[in-house]
Amino acid sequence: MPLALILFVTVPLGEIFLLIEIGSIIGGLETIALCLGTAALGTFFLRQQGLQTLNRARQNMDQQKLPALELLEGVALLLGGVLLLTPGFVTDFLGFLCLLPPTRRWMVSLAVGRLVIRHGPPGGPSGPHESGQGPVYRDREGHRVIEGEFERRDSPDKDRD
């Protein structure tokens with residue numbers, strides 16, 4: 001929570017400072033035109049990259065593959081579009097990073113690497129946690145599910161038959 005608060009305060013202040021500085025160098029109207037131009041250029045790239053990502057997702061679905069990376073890239077594109085429509089040069093720069101395929105794929109791979117995927121019954125583990133054994137999972141009938149690995153070994157008596 002403190003990180004979000006810091007970002008919501010420092011990013012707008014940085015944007016305002018940068019807009020004032022650039023406006024004092026190139027002029028106020030030119031600064032506004034530059035902001036509008038980056039938004040228009042970003043919208044063009046967003047449409048182009050969005051259609052390419054959608055086509056890749058369709059191809060994966062046609063091949064009976066889950067388009068998971070394409071969905072995550074779609075989220076990055078959405079974030080990039082929001083950043084590009086936000087007035088300011090820092091947010092425009094970050095938005096363009098979300099639109100460029102190499103940096104977008106890098107950000108998605110970074111996000112995927114940080115994901116913690118948990119599996120088990122819907123709603124997570126039910127019942128108390130046993131010390132040292134991890135969570136206790138139950139199936140729909142309430143029977144305890146024990147996670148583990150097994151190896152099937154046939155007994156030597158069966159080979160004689």
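The questions and answers below take the pockets, then the helix pairs.

Modeller: This is a predicted model, where local features need pLDDT of at least 70, side-chain atom pairs count only at pLDDT 80 or more, and totals for chains, interfaces and linings use all residues. Residues are numbered from 1 along each chain as its sequence is written, and side-chain values use heavy atoms, with hydrogens and water left out.

Biologist: How much space lies in the largest pocket?

Modeller: Start with the term. On a 1 Å grid over the protein atoms alone, a pocket is an open set of points where a 1.4 Å probe fits, with protein on both sides within 12 Å along at least five of seven lines. Grid points are joined across faces, edges and corners, and a volume is the space filled by probe spheres set on the points. For the largest pocket that space is about 280 Å³.

Biologist: Which helix gives the most to the lining of the largest pocket?

Modeller: Lining residues have an atom within 4 Å of a point. Here they are L7, L79, L83, L94, L97, C98 and M107. Helices are DSSP runs (H or I, at least four residues), numbered from the N terminus. Both α3 (68-85) and α4 (89-99) supply at least two residues, but the most, 3 residues, come from α4.

Biologist: How many nonpolar residues does the lining of the largest pocket have?

Modeller: Ala, Val, Leu, Ile, Met, Phe, Trp, Tyr, Cys and Pro count as nonpolar, Asp, Glu, Lys and Arg as charged, and the others, Gly among them, as polar. This lining has no polar and no charged residues. Its nonpolar count is 7.

Biologist: Which helix gives the most to the lining of the second largest pocket?

Modeller: This pocket holds about 210 Å³ of space. L7, F8, V11, P12, E15, L83, T86, P87 and T91 line it. By class they are 6 nonpolar, 2 polar and 1 charged. With 5 residues, the top contributor is helix α1 (residues 2-26).

Biologist: Is α2 roughly parallel or roughly antiparallel to α4?

Modeller: Axes are lines fitted to C-alpha atoms, for helices over the stretch in contact, and angles run from 0 to 180 degrees between N-to-C directions. The axes of helix α2 (residues 28-62) and α4 come within 10 Å and cross at roughly 15 degrees. Angles under 35 degrees count as roughly parallel, over 145 as roughly antiparallel, 65 to 115 as roughly perpendicular and the rest as oblique. Therefore α2 and α4 are roughly parallel.

Biologist: Which residues of α4 make the contact with α2?

Modeller: Contact means heavy atoms within 4.5 Å. On the α2 side are T31, L34, C35, T38, L41, G42, F45, L46 and Q49. On the α4 side are F89, D92, F96 and L99.

Biologist: Is the crossing of α2 and α5 left-handed or right-handed?

Modeller: The axes of α2 and helix α5 (residues 101-114) come within 12 Å and cross at roughly 55 degrees. That angle makes α2 oblique to α5. A crossing is left-handed if the near helix is turned anticlockwise from the far one by less than a right angle, and right-handed if clockwise. For α2 passing α5, the crossing is right-handed.

Biologist: Are α3 and α4 roughly parallel or roughly antiparallel to each other?

Modeller: The axes of α3 and α4 are 7 Å apart. They pack at an angle of about 155 degrees. So α3 and α4 are roughly antiparallel.
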